[in-house]
Amino acid sequence: MDKKYIELDDNVLDQILKSETDLHNYSQQVESDLKNHENLDVEKYIKSGDQIVTLHKHLNHCENVLEHTESVLYTFQEELQNITNEITRLQQRSIFMAQQLCNRQSFKGLMHQFIEDVIVSETLISVITTCSVTDEKFSTHLSVLNYKILFVDEQNFKDVKSQNDVKDVYEKLKITATSKIRHFIMEQISKFKKPTTNYHIPQNTLFEYKFLFEFLLNHDSISAQEIYNDYVDALSKVYFTYFKSYLSYLQKLQFEEVATKDDLLAVEDTTSRTLFQKSIKKNTVFTIGNRATVLNEIDNSIIIPHQNNLTNLSFEAIFRSVQYALVDNACREYKFDCEFFKVDQPTAQGLFSQIMGKTLGLLIKHLEHFVENCYDALALFLCGQLSMRYQALCQNRLVPGLAQYWDTILAMIGTRFRFILKRHIQSVKDYDISKFNKEKKPHFIMRRYAELVSAILSFSENNKCEPELICSLTEEVLGFVLRLATMFKTRKDRLIFLINNYDLVLRILMERVRDSTFEVDRFKEELSARSKDYVDEVLHVYFGGMIKFVTDAENGRDIDSDSRQLGLTKTFISTWKMSLEEINKEILPSFPNLTTGASLLQLAFSQLIDYYHRFQKVLLAPNKAQLPNIHVIMIEIKKYKTNY
């Protein structure tokens, strides 16, 4: 009994209990009701008997129909399963047949390509045997032959029998091709050996047909090595002969007069020469002048002796021309070797050394001979700078073949350059100051120093050329000029001499050196200090009393009574204009450089104004009132202002 009926019965029971009904009677009544209902249902069933029989027949008929349908469906299912299996089998067979077709087509393509690769055409035989190696058809068919030979050789390792049918034909064609190529290349190399031949022409021809040597390298190593050796031998002699002759021609154009061991900073030029002697001025040993133009001409055309009426060339000009010729030829040769002979960098370096070794040895020996006898610091300096620039040029062109050569000559030049600088320093140390004629104008050693150092500083890379030796030379020269100054009797003369020398050196340095350097700063410092000393010395002559009075007053010393102040005031009033005139007459003629004289004059007047202003501050009011106004003095000073 479901929950709904249980709940209903409980309610009924609850009502019965509340109504105090007799349960026995109530159960009989319920049983009677059930019996009645049962009888009614039986009557209804009996009345529907025919319908139930008919329904039973229909059910049996439906069951038979369903059984038949089930049988048909089962049969259909079996047929479908068979069809599915057949479709699967056909599909697998189709895939298999498609794969077979693909394999056969692929095999057909491979076979077709194999036959094409292996077959020897009549055209190929005809071109290789009859055409010249310079013919475009020969080049094209040589590439085809190279491919076919390599292909047939590859089949040999795979044990392909068919390659035996064509192997002999290809071998004969290879021999024919290598023989023609060898003959052609050897013919071009033989042209290098003719004295009047421009070797660039056959070299360009070889480079144009570099693929021929590549074929030879792949298929005839013996001939390739023979060509390699013959080329190295021929070009080695060509370069050696060329540079030997070129050096010989250029040496005839060089200055006959060169610097000697006596051409030092502190050695006076006492040599006399006639008008018929070739010579260079003594000053060119220390003054660079136009010699530095070679640094701007590193990639200019080389000097051609028979095309120019050139004479009296400096060594650095000859050096530039020779080194540029070397760089031009060496870079060309290195790149040719790498491209033509198909070698890597280490091998190319060895090949380059074989070809250029004798030539480089010749140039090093020639430079060594010059360096051993050279006393021209500027010539060595310029050669060193040229070498560094050409070294950088080779690096930019990615040609390392000359790296060791540049290191060798830079070391050689640097050693001699340092030796000469030390000789210059020693010559200044050893100078006999008793020879000094006590002239206040700049000394010749200072001018030489300024010219030499300014040249080195202005044209060296980043002012880094032997900085320690240049500093030593600078300090030695400063000490030297101080020693000379002691030869003068008065302090004023000593200061004039020092200012003239410092000013000369500083003007030359600042005119030519682009950046601030130790040398410039050092001479600026000395010139500034000596200028102040000189101005004080001049002012003390004409205004010494006033200056001492101001100094004593500012230092707290006791100063005299009003009488001293009054005396100083009257003296200043009566003499200041005349003193200005005398200072002007004294300073300007003492200095050859008018600009320097004018600067010192203005410095003296500025210092005088400062002293006068301080003098007014320490004076008593009555005395101060007697002095001229400071603006009056400044107006008077402006009369002495110059335009230079």
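Let's start with two helices: H16 (residues 491-512) packs against H17 (residues 518-554) at an angle of about 150°, with the axes 9 Å apart. Helices here are DSSP runs (H or I, at least four residues), numbered from the N terminus, and the axes are lines fitted to C-alpha atoms over the stretch in contact, with angles from 0 to 180 degrees between N-to-C directions. H16 is therefore roughly antiparallel to H17 (over 145 degrees). The residues in this contact comprise 15 nonpolar, one polar and nine charged.

This is a predicted model, where local features need pLDDT of at least 70, side-chain atom pairs count only at pLDDT 80 or more, and totals for chains, interfaces and linings use all residues. Residues are numbered from 1 along each chain as its sequence is written, and side-chain values use heavy atoms, leaving out hydrogens and water.

On to the rings: the structure holds 34 aromatic pairs (Phe, Tyr or Trp rings, the six-membered one for Trp, with centres within 6.5 Å; edge-to-face means planes over 60 degrees apart).

Phe436, in the loop between H13 (403-429) and H14 (444-459), lies 52 residues from Phe488, in the loop between H15 (467-485) and H16. Tyr199 and Tyr239 are both buried (under 20% relative accessible area, 1.4 Å probe, protein chains only). Phe436 counts as buried because its relative accessibility is 7%.

Finally, Asp230 sits in helix H9 (residues 221-251). With 16% relative accessibility, Asp230 is buried too.

Technical notes: Buried means under 20% relative accessible area, exposed over 50%, partly exposed in between (1.4 Å probe, protein chains only). Angles under 35 degrees count as roughly parallel, over 145 as roughly antiparallel, 65 to 115 as roughly perpendicular and the rest as oblique. Ala, Val, Leu, Ile, Met, Phe, Trp, Tyr, Cys and Pro count as nonpolar, Asp, Glu, Lys and Arg as charged, and the others, Gly among them, as polar. Rings of Phe, Tyr and Trp (its six-membered ring) pair if their centres lie within 6.5 Å; planes under 30 degrees apart count as stacked, over 60 as edge-to-face and the rest as tilted.
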